[in-house]
Amino acid sequence: MNTGSVQTLIVLREEEHAWLQDLFRSRHPMLVTLCNKPFIEYLIDFAILSGSEALRIASDSPITDLENYCGNGSRWGITIDYAHILPEDDQERLLEKNRQFCSRGKTMLIEKTLFVAYDKKNDYRLWLRACPEGVAVSGTSGSITILGNKQENAIPGPIPGPSLPMLLTIGEYYRLADDTLKNADRYILPGYSSEPDCFLGRNVVIQKGAEIRKPVMIGNNVQISAGSIIGPGAIIGSNIIIDRESVVSGSILMDNTFIGEQLEVKGRIADGSLLIDPESGATLQMEDPHLMSVIQPGASTKQIIRRLIHALAALALLIVLALPFLVLRPLLGLRRNWHTKKRLFPPGATAKKLTIEQVVIRPEGADGRLAIALSIDRYPSLFKVLGGKLRLIGHRPAVSSDTTTISSGCIAMNPAVFGYAETEEWPENERDELMVDHYHLLHSGSLNDIGLLLKALLNKKHM
Amino acid sequence: MEFSVDTSAGVRVGVAILPERIDAASCAELQAAAEGWLKQTANLVFDCSGLDFIDSSGLGVLVSTLRKTIEQDGDLKLACLGMKASMLMELTKAKRLFSIHPDAVSAIAAFHGGVRQ
């Protein structure tokens, strides 16, 4: 065993921070920002400050968005890889599965933790060396366990370690953000800071007459109109427009939020069109876009091309299947073999939701079997591909049960008419299907999608 | 919408119970009703205990009714304002315009003496 190296194993379980995901538009909890920095980055910072050379994120649910964000860790100069665990895996099983990773040396196991309160001025390598094997830090919100630290020459004396602040409610999130902003010198925070308590991102336009009061943090691509007052205690995310003569103080504006003119946001969290009172947890979904609304980030060229290819393929399918649909649909209706089911996507979503009507055809009679073979059940959904609301192929929720286990925002935000899992014959349950979906969502491109679509159409499973 | 006239404060106070939702679709109904109530008295109390959602058009009707009551030397007071309505009124700064009371009884009592609070 190489006792010199240190690695960090971060364990994510879907159920642990579901409240945060539900609240913030189905984002993965680790990508929710605190002072304009995703939670995962605080954990990465701490792993680096502790001398970790490698970091593994083990999750019991698909984490496509998180993987896309963190990549291989080269941005931070650390190696990041990913592992899958099962929800029922206990610590022993977890370590067994990651034995090779953990056997390289000392391992810092971070569980149930969104945020580690560290001080960048401290040397956590010394702290780690001094920590005996076992739980080093624990709190209501998680724990840090040290494994494989059997060195005899542990350094005596008190060495300040990190702490795990309680983070179970939106009120605690709000207070933590405020505390982080006030103690900004402890953390590595994004933005340019020429003076204490003031952080500015890139492409920030502050119009004449607008006033900025410290402490304040402003993200990238922000426009603050004339007569507005920002701060004190304001955390403004990225891609934000604050219209004229509005006041934002003691508040957090999450990314992609528009604040209308002459409004007063005090002691609140605003996320798109959602306004949250952190103290009571009350939420108000705005229906007036001129007051507050979501700023939709522009799609990349790659995404536009992919959408266009999907739309063209959907149009071709609509034309080819028009006649069979017109013939079979009334027959199936008469024989009561055509059933529709409305589903909210992602399941349980309160914001950014999409209602999908899925058709179930009973494979009874020649018409039923033919309709299934021709994928007539997908015909009505093809129109949503033209409108850009659905992908032609991507993730397709199972129609078999109402209680789907899919609730991870990252994968669920690519709903489609055909599922990648339908290209394979081996998936036996929803978990298998998720694995296939997950793989192709990461690796497939626009043209691959068409090949996979043909495979899904021809797959004898659906005949 | 229920409406009654209360005279316990020594003046005629019209008390209206607002519906669960006041938005662009339903605000015209409130506006028309308010016109009728104003013919009976310029002192109004809107009981918001059942009000769960209000948007900017609904808020516009409240402000417009308030303006009309003041023009007639009366007032419009709000009672039992819920959290969601309160958040919207704080956001738009409309909360500063109204006198807000925890319940309809205290709102009616506030008309005693005829001074706008």
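**Strand pairing, helix packing and the chain interface**

In the predicted model, Val248(A) stands opposite Val265(A), a residue of β21(A).

A second open sheet of chain A has 5 strands in the order β11-β14-β17-β20-β25, with mixed pairing. Its edge strands are β11 (204-206) and β25 (292-294) of chain A; each has a single partner strand, so one side of each is left without a neighbour in the sheet. From one strand to the next, the twist averages 5 degrees. At one end of the order, β20 of chain A (residues 257-259) pairs with β25(A) in the antiparallel sense, over 3 bridges. Within this pair, Phe258(A) is opposite Ser293(A) of β25(A). In general, the strands of a sheet pair through backbone hydrogen bonds, in either the parallel or the antiparallel sense.

Two hairpins were also examined, one in each chain. In chain A, β7 (residues 134-139) and β8 (residues 142-147) pair in the antiparallel sense over 5 bridges. The hairpin formed by β7(A) and β8(A) has 2 residues between the strands. Gly134(A) has Ile146(A) in β8(A) as its bridge partner. In chain B, β1 (residues 2-6) and β2 (residues 13-17) run antiparallel and are joined by 5 bridges. Ser4(B) has Val15(B) in β2(B) as its bridge partner. The hairpin of β1(B) and β2(B) has 6 residues between the strands, and Gly10(B) in this hairpin takes a positive phi near 90 degrees.

Most peptide bonds are trans, and most residues other than glycine have a negative phi. The bond joining Lys214(A) and Pro215(A) is cis, with omega about -5 degrees. Pro215(A) is located in the loop between β12 and β13 (216-218) of chain A. A cis peptide bond is also found from Gly231(A) to Pro232(A), where omega is near 0 degrees. Pro232(A) is in the loop that lies between β15 (229-230) and β16 (234-236) of chain A. Asn221(A), a residue other than glycine, has a positive phi near 55 degrees. The loop holding Asn221(A) lies between β13 and β14 (222-224) of chain A.

The axes of α8(A) and α10(A) (residues 379-386) come within 9 Å and cross at roughly 155 degrees. Angles over 145 degrees count as roughly antiparallel, and α8(A) and α10(A) are therefore roughly antiparallel to each other. The crossing of α8(A) past α10(A) is left-handed. Residues of α8(A) in the contact include His310(A), Ala311(A), Leu318(A), Leu321(A) and Phe325(A), and those of α10(A) include Tyr379(A), Pro380(A), Phe383(A) and Leu386(A). By class, the contact of α8(A) with α10(A) has 14 nonpolar residues, 1 polar residue and no charged residues.

The axes of α8(A) and α9(A) (residues 365-373) come within 10 Å and cross at roughly 130 degrees. Helices α8(A) and α9(A) are therefore oblique to each other. Here, too, the crossing is left-handed, with α8(A) passing α9(A). In α8(A) the contact is made by Leu328(A), Leu331(A) and Leu332(A), and in α9(A) by Asp367(A), Gly368(A), Leu370(A) and Ala371(A). The contact of α8(A) with α9(A) has 5 nonpolar, 1 polar and 1 charged residues.

The interface between the chains brings 13 residues of chain B into contact with 20 residues of chain A. About 1400 Å² is buried between chain B and chain A, 60% of it on carbon and sulfur atoms. In chain B, the residues that lose the most area to chain A are Met87(B), Leu91(B) and Lys93(B), which together account for 41% of what that side buries.

Note on methods
Residues are numbered from 1 along each chain as its sequence is written. Chains are lettered from A and ligands numbered from 1 in the order in which they are written. This is a predicted model: local features need pLDDT of at least 70, side-chain atom pairs count only at pLDDT 80 or more; totals for chains, interfaces and linings use all residues. Side-chain values use heavy atoms; hydrogens and water are left out. Two strands pair if DSSP finds at least two bridges between them. Helices (H or I, at least four residues) and strands (E, at least two) are DSSP runs, numbered from the N terminus. Axes are lines fitted to C-alpha atoms, for helices over the stretch in contact, and angles run from 0 to 180 degrees between N-to-C directions. Angles under 35 degrees count as roughly parallel, over 145 as roughly antiparallel, 65 to 115 as roughly perpendicular and the rest as oblique. A crossing is left-handed if the near helix is turned anticlockwise from the far one by less than a right angle, and right-handed if clockwise. Contact means heavy atoms within 4.5 Å. Ala, Val, Leu, Ile, Met, Phe, Trp, Tyr, Cys and Pro count as nonpolar, Asp, Glu, Lys and Arg as charged, and the others, Gly among them, as polar. Buried area is the accessible area (1.4 Å probe) that two parts lose on being put together, summed over both.
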